[in-house]
Amino acid sequence: EDDELIMRFTQPEGYMIESGMASDCFSEENGDSSVTRYLSEGKFAAALSDGMGTGHRASRDSTATVRLLGDFLEAGFDRTVAVRLVNSIMVMKSADEAFATIDMCVVDLYSGETEFIKNGAEPSYIKRGSDVETIRSTTLPVGVACDMKVETFAHHLAPGDIVVITGSTPHVIMFLGFTSNGQIQCVHETGSANNVTIGVMN
């Protein structure tokens, strides 16, 4: 038994993810929460949730939403199934009006294939070179209805692409990417959802 050797072979991932989240708050507690998780089979998930309303209640609902979603994904549940499970839990709390958005992307680090799932969420953006593509959805937030529609969008990422998931107001930015001097490169809204600029943050 002392001579036993265990070897494990894995395929190297073709993509490396750099992620971060920036936010600002106009009330005592931020109603937006985010989570990032490395999943099995070489996948990476990033999710943002905006709780309905403001303050503590919004923060509580969005935090519960992203934590549950992250836990279900890590446990191996399919993305659509995970969203439906979170919705069922929030519906059971509906007497307390526990509504929250879900804005999630799951990236295959081997192929670059990316799946977006949006429920009640604001547009997401993919920046490639000087072009910015917008991903929109008209679905309801989780916790509103038992029979909830889950809308998915497929996209193939290329090296250097930046994926941005924004909250319901311009003060929340989620980004994937850094400049060569260490600044955060991001897409941010300036005043309205239709006024989008590319910029950097320290």
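Colleague: How many disulfides does a search of the whole structure find?

Modeller: This is a predicted model, and a disulfide would require a pair of cysteine sulfur atoms within 2.5 Å. Cys105 is buried, at a relative accessible area of 0%, whereas Cys146 is exposed at 65%. For disulfides, the search of the whole structure returns a count of zero.

Colleague: How many strands make up the open sheet, and in what order do they lie?

Modeller: The pairing within this open sheet is antiparallel. Strand 2 and strand 8 (151-156) are its edge strands, each pairing on one side only. Neighbouring strands are turned against each other by 15° on average, direction ignored. The sheet has five strands, in the order 2-3-4-5-8.

Colleague: Which residue is the bridge partner of Ala45 in strand 4?

Modeller: Strand 3 and strand 4 run antiparallel and are joined by six bridges. The partner of Ala45 in strand 4 is Val106.

Colleague: Which strands of the sheet does helix 1 touch?

Modeller: Helix 1 covers residues 55-74 and reaches 29 Å from its first C-alpha to its last, close to the 28 Å expected. Its buried residues include Ala58, Thr65, Leu69 and Phe72. Among the elements that cover the buried residues of helix 1 is helix 2 (79-92). In packing on the sheet, with a direction about 10° from that of strand 2, helix 1 touches strand 2, strand 3 and strand 4.

Colleague: Which residue just after helix 1 takes a positive phi?

Modeller: Helix 1 consists of residues 55-74. The positive phi, about 100°, occurs just after this helix and belongs to Gly76.

Colleague: Are Asp103 and Lys118, which meet in a salt bridge, buried or exposed?

Modeller: Their salt bridge spans 2.8 Å from N to O. It links Asp103 in strand 4 to Lys118 in strand 5, 15 residues apart. A residue counts as buried under 20% relative accessible area. Because Asp103 has 1% and Lys118 has 0%, each is buried.

Colleague: Which residues do salt bridges that share partners join into one network?

Modeller: A search of the whole structure finds seven salt bridges. One of them brings together Asp71 and Arg37. Through shared partners, one network joins Arg37, Asp71 and Glu74.

Colleague: How far apart are the closest N and O atoms of Arg79 and Glu115?

Modeller: Arg79 belongs to helix 2 and Glu115 to strand 5 (residues 113-119), 36 residues apart in the chain. These two residues form a salt bridge, and the distance between their closest N and O atoms is 3.0 Å.

Colleague: Which residues of strand 9 point the other way from Ile162 and Val164?

Modeller: In a regular strand the side chains alternate between the two faces of the sheet. Strand 9 (residues 162-165) pairs with strand 6 (residues 124-128) in the antiparallel sense over four bridges, and Ser124 has Ile165 as its bridge partner. Ile162 and Val164 are buried and point one way; the residues that point the other way, also buried, are Val163 and Ile165.

Technical notes:
Residues numbered from 1 in each chain as written. Predicted model: local features only at pLDDT ≥ 70, side-chain atom pairs only at ≥ 80, totals over all residues. Heavy atoms only, no water. Helix = DSSP H or I, 4+ residues; strand = E, 2+ residues; numbered from the N terminus. Expected span 1.5 Å × (residues − 1). Buried < 20%, exposed > 50% of the residue type's maximum accessible area, 1.4 Å probe, protein only. Contact = heavy atoms within 4.5 Å. Salt bridge = Lys/Arg side-chain N within 4 Å of Asp/Glu carboxyl O. Pairing = 2+ DSSP bridges. Axes fitted to C-alpha atoms, helices over the stretch in contact; angles between N-to-C directions.
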